[in-house]
Amino acid sequence: MIGVCACPTGIAHTYMAQAALEKAARAKGHEIKVETQGAMGIENELSAGEIADARVVIFAVGVNVEGEERFDGKQKVTVEVGKAIENPMDIIQKAEMKGMGL
């Protein structure tokens, strides 16, 4: 499972959403890698192989994703950053449904 988090200011909420999604995914038994796009630029950048292997991509964003074309053809779950912070388990469950259980 992979994801991208990015908020308008690219500071706190980006990283809060990343942490929440990682914790929820692990609780459900999934491995996850989350790329952040914030004030420091792209961190934890997803490789072409990681993207190719993923069945679904979670976008917890409030801005346009840099390099979004890398994810063309992938099943996507897109939510506001705040939703990923407030209820990350719901987002993981939506991703499971899109990815048919991953």
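1. Helices (H or I, at least four residues) and strands (E, at least two) are DSSP runs, numbered from the N terminus. By that rule, asparagine 44 sits in the loop between β3 (41-43) and α2 (48-53). Its phi is near 60°, a positive value in a residue other than glycine. Most residues other than glycine have a negative phi. Asparagine 44 counts as partly exposed, at 37% relative accessibility. The cut-offs are these: buried means under 20% relative accessible area, exposed over 50%, and partly exposed in between (1.4 Å probe, protein chains only).

2. A word on the source. This is a predicted model, in which local features need pLDDT of at least 70 and side-chain atom pairs count only at pLDDT 80 or more, while totals for chains, interfaces and linings use all residues. Residues are numbered from 1 along each chain as its sequence is written, and side-chain values use heavy atoms, with hydrogens and water left out.

3. Overall layout. The chain has four helices and five strands. Read from the N terminus, the order of elements is β-α-β-β-α-β-β-α-α. The radius of gyration is 12 Å, close to the 13 Å that the globule rule gives for 102 residues, so the chain is as compact as a globular protein of that length. This radius is taken over C-alpha atoms, and the globule rule is 2.2 Å times the number of residues to the power 0.38. Along the principal axes, the C-alpha atoms fill a box of roughly 35 × 30 × 20 Å.

4. Burial and contacts across the chain. Of the 102 residues, 42% are buried. Contact means heavy atoms within 4.5 Å. Take the contacts between residues at least 6 apart in sequence: 61% of them join residues at least 24 apart.

5. How do helix α1 and helix α4 pack? Helix α1 covers residues 12-27 and helix α4 covers residues 88-98; their angle is about 60° and their axes are 8 Å apart. Axes are lines fitted to C-alpha atoms, for helices over the stretch in contact, and angles run from 0 to 180 degrees between N-to-C directions. The two helices are therefore oblique to each other. Angles under 35 degrees count as roughly parallel, over 145 as roughly antiparallel, 65 to 115 as roughly perpendicular and the rest as oblique. The crossing of α1 and α4 is right-handed. A crossing gets that label if the near helix is turned clockwise from the far one by less than a right angle, and left-handed if anticlockwise.

6. The residues at that contact. From α1 come Ala20, Leu21, Ala24, Ala25 and Ala27; they meet Pro88, Met89, Ile91 and Ile92 of α4. The contact of α1 with α4 has nine nonpolar residues, no polar and no charged. Here Ala, Val, Leu, Ile, Met, Phe, Trp, Tyr, Cys and Pro count as nonpolar, Asp, Glu, Lys and Arg as charged, and the others, Gly among them, as polar.

7. Two buried residues to look at. Phenylalanine 59 lies in strand β4 (residues 56-61) and has a relative accessible area of 1%. Its contacts beyond four places in sequence include Val4, Val65, Phe71 and Val79. Phenylalanine 59 and valine 79 are 20 residues apart in sequence, yet 6.2 Å apart C-alpha to C-alpha. Alanine 95 is in helix α4 and is buried, at 0% relative accessible area. Its C-alpha atom is 6.4 Å from that of valine 56, 39 residues away along the chain.

8. Glutamate 50, in helix α2, is partly exposed at 28% relative accessibility. Outside four places in sequence, glutamate 50 is in contact with Ile2, Lys33 and Glu45. Isoleucine 11 is in the loop between β1 (2-6) and α1, and is exposed, with a relative accessible area of 52%.
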